[in-house]
Amino acid sequence: MNIIYPPLVEQSFQFYQKNSNEDFSKTALYRSMVANKLITENGHPTAEAIERGLVRDFYEEEDLLFEEFLAIYPIFTVYETELFQKIDGFWEIPVSLKNELMIRLDHGKFSYDEQVQVEAFLSER
């Protein structure tokens, strides 16, 4: 049986695989995250985890100022402002930049934090 885990569990699992010598399972990680109130049973971050800075919330409200958008996705501070355009209330990038980001993701060119930001941004687009 192929179990699909919530994105926060998958991201945590990837992080621990890269940065830890311990051997553990996604099931154990999921249970631990729920028990420690980092996520709900449905995989959503708890308010406490967000407040403590243990989990990052990439929720974008409509009509954010560009500075507010960059606060959510600081990875984009290195790109020219002219690349970004607000479409239907949300900041968007050209398809060519999306393709570049996906290639860099595939080749592991981002730090863990950058990878999480790019994946979160692209998952909504």
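Visitor: Which residues of α5 are buried?
Guide: This is a predicted model, in which local features need pLDDT of at least 70 and side-chain atom pairs count only at pLDDT 80 or more, while totals for chains, interfaces and linings use all residues. Helices (H or I, at least four residues) and strands (E, at least two) are DSSP runs, numbered from the N terminus. Buried means under 20% relative accessible area, exposed over 50%, and partly exposed in between, with a 1.4 Å probe and protein chains only. The buried residues of α5 are L97, K98 and L101.

Visitor: What covers the buried residues of α5?
Guide: Contact here means heavy atoms within 4.5 Å. The cover of the buried residues includes a strand and a helix, namely β2 (90-92) and α6.

Visitor: How far does α5 reach from its first C-alpha to its last?
Guide: The expected span of a helix is 1.5 Å times one less than its number of residues. α5 has 12 residues, and its reach is close to the expected span. The reach is 16 Å.

Visitor: Which residue just after α5 takes a positive phi?
Guide: The phi in question is about 65°. The residue that takes it is G108.

Visitor: How many residues are in the second, separate core?
Guide: Y5, L8, L29 and A49 are among its members. The count for this second core is 9 residues.

Visitor: Which residues is F69 in contact with, leaving aside neighbours within four places in sequence?
Guide: F69 is one of the residues with the most contacts inside the largest core. Its contacts beyond those neighbours are E60, L64, F76, F84, W91, F121 and R125.

Visitor: How far apart are the closest N and O atoms of K26 and E10?
Guide: A salt bridge is a side-chain nitrogen of Lys or Arg within 4 Å of a carboxyl oxygen of Asp or Glu, and the structure holds 5 of them. K26 lies in helix α2 (residues 26-35) and E10 in helix α1 (residues 7-19), 16 residues apart. K26 is partly exposed at 24% relative accessibility, and E10 is partly exposed at 23%. The closest N and O atoms of this salt bridge are separated by 2.7 Å.

Visitor: Is E60 buried or exposed?
Guide: The side chain of E60 meets that of R125 in a salt bridge of 3.0 Å, N to O. E60 is in the loop between α3 (47-51) and α4, with R125 65 residues away in the segment after α6. R125 is partly exposed, with a relative accessible area of 28%. At 10% relative accessibility, E60 counts as buried.

Visitor: Which residues are linked in a network of salt bridges?
Guide: E92 and K98 meet through their side chains at 3.9 Å, N to O, and both residues are buried. The network joins E60, E92, K98 and R125.

Visitor: What pattern does the protein chain follow along the sequence?
Guide: The protein chain has 6 helices and 2 strands. Its C-alpha atoms fill a box of roughly 45 × 30 × 25 Å along the principal axes. Read along the sequence, the pattern is α-α-α-α-β-β-α-α.

Visitor: What share of the residues of the protein chain count as buried?
Guide: Among contacts between residues at least 6 apart in sequence, 41% join residues at least 24 apart. Of the 125 residues, the buried share is 33%.

Conventions: Residues are numbered from 1 along each chain as its sequence is written. Side-chain values use heavy atoms; hydrogens and water are left out. A nonpolar core is a set of buried Ala, Val, Leu, Ile, Met, Phe, Trp, Tyr and Cys residues joined through side-chain atoms within 4.5 Å.
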